[in-house]
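I opened this structure to look up its aromatic rings. These are my notes, in the order I made them.

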Amino acid sequence: MDQAKRFRENPILTPSDLNPSIDGVEIECLLNPGVFQFNGKTWLLLRVAERPTQQEGKVSFPVHNEQGGVDILSFEKDHPALVASDPRIIHFNGTDYLTTLSHLRLVCSDDGIHFYEPEGFAPLRGMGTQESFGIEDCRVTTMNDGYHLTYTKVSEFGVGVGYRFTKDWKYFEHRGMIFPPHNKDCALFESKIGGKYFALHRPSSPDLGGNYMWLAESPDLLHWGNHQLLAVTRTGMWDSERIGAGASPIRTEKGWLEIYHGAAADHRYCLGALLLDHENPARVIARSIEPIMEPLAHYEKFGFFGNVVFTNGHLVDGDKLRIYYGAGDKVIAGADFSIQEILKTLE
Ligand code: MAN
């Protein structure tokens with residue numbers, strides 16, 4: 001059952017609320033923000049997806065070049081070597097491309113509902129060959145020493161997990177790729193368990209296996225090992241094709257509560273919950289049978305890629321879980337949940 005209390009103001013941010021990051025492109029989608037608190041405000045680290053205005057008979061999209069600038073590539077729509085059946089991804093002559101280029105942009109708010117772009121905070125952009133198709137879907141994990149950013153690095157060589165660290169959102173330490181392709185949806189635990197760091201991640205093994213959630217541990221957040229399978233897709237259910245972690249697991253009295261996304265073959269993205277053991281997070285205590293949130297609102301059903309609710313950022317205040325999410329791969333929305341209510345569905 002859908003338990004989300006959606007904000008009355010939804011969607012809270014749409015592409016026209018921001019300016020494109022460079023000349024010659026438009027903002028096509030705002031999606032999947034990381035969330036954190038800083039300087040007494042609520043901040044979102046938005047994924048901003050851009051591309052040039054599309055011309056009749058052509059598909060055009062930006063990519064980063066080796067100098068750190070942006071080139072526009074363009075293919076004829078009726079070219080026999082072009083496969084363009086998914087609005088998000090195309091194949092040309094054996095190479096895969098994304099139809100948009102994403103960067104990450106900071107916005108902040110005093111009330112958690114009305115967001116604006118503050119002065120003096122530069123966007124985060126793809127850098128180097130591993131990020132030539134952009135950076136996406138950043139989880140922001142707040143720890144004692146600062147903010148740990150785990151995000152999707154995309155290039156023609158694959159999709160992997162990147163890691164950057166900051167204390168002030170102005171200077172960033174680039175800590176490289178922590179999970180190589182194909183991997184995404186990496187959420188760090190905010191505290192150590194038994195002296196070790198833990199992360200949820202989602203490798204894909206489509207030929208044998210699937211898009212499953214795994215757990216890894218690390219002494220230093222850089223070197224990850226002892227990988228353990230955590231949860232698989234479920235045949236015949238809403239999460240039969242792919243699953244992946246949302247933001248950091250939430251410590252509750254019953255265990256670690258993880259909000260995750262799942263989709264079936266029809267690409268309808270819903271949210272569910274997993275409950276993991278406090279001491280041994282590789283042990284799943286319970287899992288949602290029904291989604292806790294489904295694409296129901298108009299702005300969730302229709303968009304750049306409709307029928308999507310996707311979250312990778314939240315704030316917890318007592319029993320209140322406030323998620324920010326990408327709706328229809330197009331706009332940003334927010335919703336509140338009661339943690340106790342979610343836990344009840346996991347009994
Ligand atoms: C999938 C979707 C897209 C995303 C790419 C690369 O196709 O999740 O939104 O851009 O993967 O991560």
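I paired rings of Phe, Tyr and Trp (its six-membered ring) if their centres lie within 6.5 Å; planes under 30 degrees apart count as stacked, over 60 as edge-to-face and the rest as tilted. By this rule I have 21 aromatic pairs. The model is predicted, so local features need pLDDT of at least 70 and side-chain atom pairs pLDDT 80 or more, while totals for chains, interfaces and linings use all residues. Residues are numbered from 1 along each chain as its sequence is written, and side-chain values use heavy atoms, without hydrogens and water.

I looked up Tyr-147 and Trp-169: a tilted pair, 5.3 Å centre to centre, with 50 degrees between the planes. Tyr-147 is in strand 11 (residues 146–155), and Trp-169, 22 residues apart from it, is in the loop between strand 12 (158–166) and strand 13 (172–179). Strands (E, at least two residues) are DSSP runs, numbered from the N terminus. Both Tyr-147 and Trp-169 are buried, that is, under 20% relative accessible area with a 1.4 Å probe, protein chains only.

Next I took Phe-179 and Trp-224, whose centres are 5.8 Å apart and whose planes stand at 40 degrees, so this pair is tilted. Phe-179 belongs to strand 13 and Trp-224 to the loop between strand 16 (213–218) and strand 17 (225–231), so the pair ties together parts 45 residues apart in sequence. Phe-179 is buried at 3% relative accessible area, and Trp-224 counts as buried at 13%.

I also noted one aromatic cluster, formed by Phe-36, Phe-38, Trp-43, Phe-121, Tyr-147, Trp-169 and Phe-172.

Terms used: Helix = DSSP H or I, 4+ residues; strand = E, 2+ residues; numbered from the N terminus. Buried < 20%, exposed > 50% of the residue type's maximum accessible area, 1.4 Å probe, protein only.
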